[in-house]
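Biologist: Can you walk me through this one? Please start with the ring pairs, and tell me the rule first.

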Protein chains: 2
Amino acid sequence: MQRVHKPVLGIDLMGADTPAENLLSAVLKLAQKSDAHFVLFGTADLFAKNSCPPSVTSVTVSEVIGMEDDPLHAVRRKQDSSLCVGMKKLAAGELTAFVSAGNTGALMASASLMLPLLNGIDKPALLTPIPTRKGEMAVLDMGANIICTATNLVQFALMGIAYQKCRGTSHPKVGLLNIGTEAKKGTPLLREAYQLLEEKFGSTFIGNIEGNQAFQGLADVLVTDGFAGNIFLKTAEGIAAVILEELGRSPEFAGALQTLHTRLTYAEYPGALLCGVDGIVMKCHGDADPKTFCQTIEGALRLASHNLIDKIKSHLLLSGKYA
Amino acid sequence: MQRVHKPVLGIDLMGADTPAENLLSAVLKLAQKSDAHFVLFGTADLFAKNSCPPSVTSVTVSEVIGMEDDPLHAVRRKQDSSLCVGMKKLAAGELTAFVSAGNTGALMASASLMLPLLNGIDKPALLTPIPTRKGEMAVLDMGANIICTATNLVQFALMGIAYQKCRGTSHPKVGLLNIGTEAKKGTPLLREAYQLLEEKFGSTFIGNIEGNQAFQGLADVLVTDGFAGNIFLKTAEGIAAVILEELGRSPEFAGALQTLHTRLTYAEYPGALLCGVDGIVMKCHGDADPKTFCQTIEGALRLASHNLIDKIKSHLLLSGKYA
């Protein structure tokens, strides 16, 4: 893939639950204080109402992939959608990274069709950093692959380790999401994955981690298939939201609530990273507010400035030698 | 199964993470204010140190099934364990209900081996009531069956409905734990279950429920396989514990914390009910404190006083007619 030097960030403004107008005005504000160049993908009527500063290029598209669209079908039929046009520009090396809050399946499908897979990776995965008592843990896969093999899970571990190294953790520890700590627990898939992870990673693999232990921060990387990962993340979001709302009802909590909110609301964290493909693709929650959308964009810029993809590539190359 | 009229509650004091002495003294206190007769199963040294009042019978056993024991092996070999002796007495109609905080797998295995399955049920399931914005939701299966068929999930729905009717909800609604709301979402198992649930229950089935929506209280019964159910429950517990601990650090939260704690700590809720067998078997968390253990006992007494098993049986019979 051709490299661009000044960060050029591609942003899909369409197809999210939040109105494109709201995302656009937040991004235009962000552009004013950012060194990056922004390339925005949206429909003509969206750009007609707003003028873009020099650091922003608008690319007008004629189609939009909606949340209800069948991912593969939409990606094949709606070639002039914001999502497909943006992904094509990322694949052509015209963008440093691409961010979308649209249809997750379509984003995945277009990335898989247009970007090369990284060497040694069979399936891309969605990685989400979640807060724990001891820092951020990278959880993958968060929903890209409902059905996985044990080898896929080992590859997810490799990518998670590379991601955490890129973020400054020198010896990231890997855990396997399961329903008990013993090696024999869980499905046949998980028992096989346990064995493979132990063989490949030795003491870097700290074993099975249960849902209630995950937030202790023992692992830096939590490996799971996309189904269990999605249940895990959404359940954590759901219960956190109920508690924060409950607290919000009591005026005496108002003071310290903000701190807790920042620490625990997943919306404060940059969206999911689609890893395994040769390019930085980030997925923001479909219902993310403009602030969160901008945080995802900033997260993508940070990962780009740390040369995430190159680091993942060298890590995969290195790990291949031990394999 | 033979029926006993005065409630006689069997309690396994052994094999939990909490010391048996602590459970025993809490149960003896509970016995003083309860109308039920308690039959306690424990080792000789445990009963040697404590004298039991007339409303309590102690049954001395020579073996203990530990948390690390292989369930089926332990149940077959340790026939004189508190868990097996208690289950045998429940099967013989000498107990109204049986409560244990020991090895979940062994409790399941002994119940499956010794108690008849209810008519129309192929696999017992663990049911846990969890708090939502609108009241308690019965979630099953919470971990008894890692691998399920779509028919198993329909049977879980039937048992969940009967349980909620027994608790006073006239028209319980059923949801299916999944990673998206559309019928086509999730694994092939879940797509098949969605179709069967829709065919069997009509508008009583409200569709797929995601982890983040589960706590809104739209469903009274949430159906899931034991793997996803266990991830769901433990994740909810884990994040709730982190938030409550975080709040506990701020003195200004102390006041209202207790209320929130009571509403959200799952330990305050009676343990899981093993349903699908002909007898009330309740499983308390292995690390439950004595207070929670007693709440589980009281929960079992409540279910017995409402004739839970008879109600489930008639509901299954009735549903069979529509099947």
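Modeller: Rings of Phe, Tyr and Trp (its six-membered ring) pair if their centres lie within 6.5 Å; planes under 30 degrees apart count as stacked, over 60 as edge-to-face and the rest as tilted. By that rule there are six aromatic pairs over all chains.

Biologist: What kind of model is it, and how are things numbered?

Modeller: This is a predicted model, where local features need pLDDT of at least 70, side-chain atom pairs count only at pLDDT 80 or more, and totals for chains, interfaces and linings use all residues. Residues are numbered from 1 along each chain as its sequence is written, chains are lettered from A and ligands numbered from 1 in the order in which they are written, and side-chain values use heavy atoms, with hydrogens and water left out.

Biologist: Back to the rings. Why is the pair A:Phe215 and A:Phe232 called stacked?

Modeller: The centres are 5.5 Å apart and the planes sit at 15°, so A:Phe215 and A:Phe232 count as stacked. This pair links distant parts of the chain, 17 residues apart. A:Phe215 is in the loop between strand 8 (205-209) and strand 9 (221-223) of chain A, and A:Phe232 is in helix 8 of chain A. Helices (H or I, at least four residues) and strands (E, at least two) are DSSP runs, numbered from the N terminus.

Biologist: Are A:Phe215 and A:Phe232 buried or exposed?

Modeller: Both A:Phe215 and A:Phe232 are buried. Buried means under 20% relative accessible area, exposed over 50%, partly exposed in between (1.4 Å probe, protein chains only).

Biologist: What about B:Phe41 and B:Phe98?

Modeller: B:Phe41 and B:Phe98 are edge-to-face, with 5.9 Å centre to centre and 85° between the planes. B:Phe41 lies in strand 2 (residues 37-43) of chain B and B:Phe98 in strand 4 (residues 97-100) of chain B, so the pair ties together parts 57 residues apart in sequence. B:Phe41 counts as buried at 0% relative accessibility. B:Phe98 is buried too, with a relative accessible area of 0%.

Biologist: New topic. How many residues of chain A are in contact with chain B?

Modeller: 44 residues of chain A are in contact with 44 residues of chain B. Contact means heavy atoms within 4.5 Å.

Biologist: And how much area do chain A and chain B bury?

Modeller: About 4,000 Å² between them, 72% of it on carbon and sulfur atoms. On chain A, A:Ile179, A:Phe227 and A:Ile239 lose the most area to chain B, together 16% of what that side buries. Buried area is the accessible area (1.4 Å probe) that two parts lose on being put together, summed over both.

Biologist: How many salt bridges and polar contacts are there between chain A and chain B?

Modeller: Two salt bridges. There are also six residue pairs in polar contact, with both residues at pLDDT 80 or more. A salt bridge is a side-chain nitrogen of Lys or Arg within 4 Å of a carboxyl oxygen of Asp or Glu. A polar contact is a pair of N or O atoms within 3.5 Å; within protein, one must be able to donate a hydrogen and the other to accept it, and residues adjacent in sequence count only if both atoms are side-chain atoms.

Biologist: Which element gives the most to the side of chain A that touches chain B?

Modeller: Helix 8 of chain A, with 18 residues. By class, that side has 24 nonpolar, eight polar and 12 charged residues. Ala, Val, Leu, Ile, Met, Phe, Trp, Tyr, Cys and Pro count as nonpolar, Asp, Glu, Lys and Arg as charged, and the others, Gly among them, as polar.

Biologist: Which residues make the salt bridges between the chains?

Modeller: A:Lys234 meets B:Glu210 (2.2 Å, N to O). B:Lys234 meets A:Glu210, also listed at 2.2 Å, N to O. B:Lys234 lies in helix 8 (residues 226-248) of chain B and A:Glu210 in the loop between strand 8 and strand 9 of chain A, so the pair joins two chains. B:Lys234 counts as buried at 15% relative accessibility. A:Glu210 is buried, at 14% relative accessible area.

Biologist: What does A:Arg167 pair with?

Modeller: A:Arg167 forms a salt bridge with A:Glu136, the closest N and O atoms being 3.6 Å apart. A:Arg167 is partly exposed, with a relative accessible area of 40%. A:Glu136 is partly exposed as well, at 22%.

Biologist: Last one. Which residues are buried in helix 5 of chain A?

Modeller: In helix 5 (residues 104-114), they are A:Ala106, A:Leu107, A:Met108, A:Ala109, A:Ser110 and A:Ala111. At the start of helix 5 of chain A, a side-chain oxygen of A:Asn103 reaches to within 3.1 Å of the backbone nitrogen of A:Gly105.
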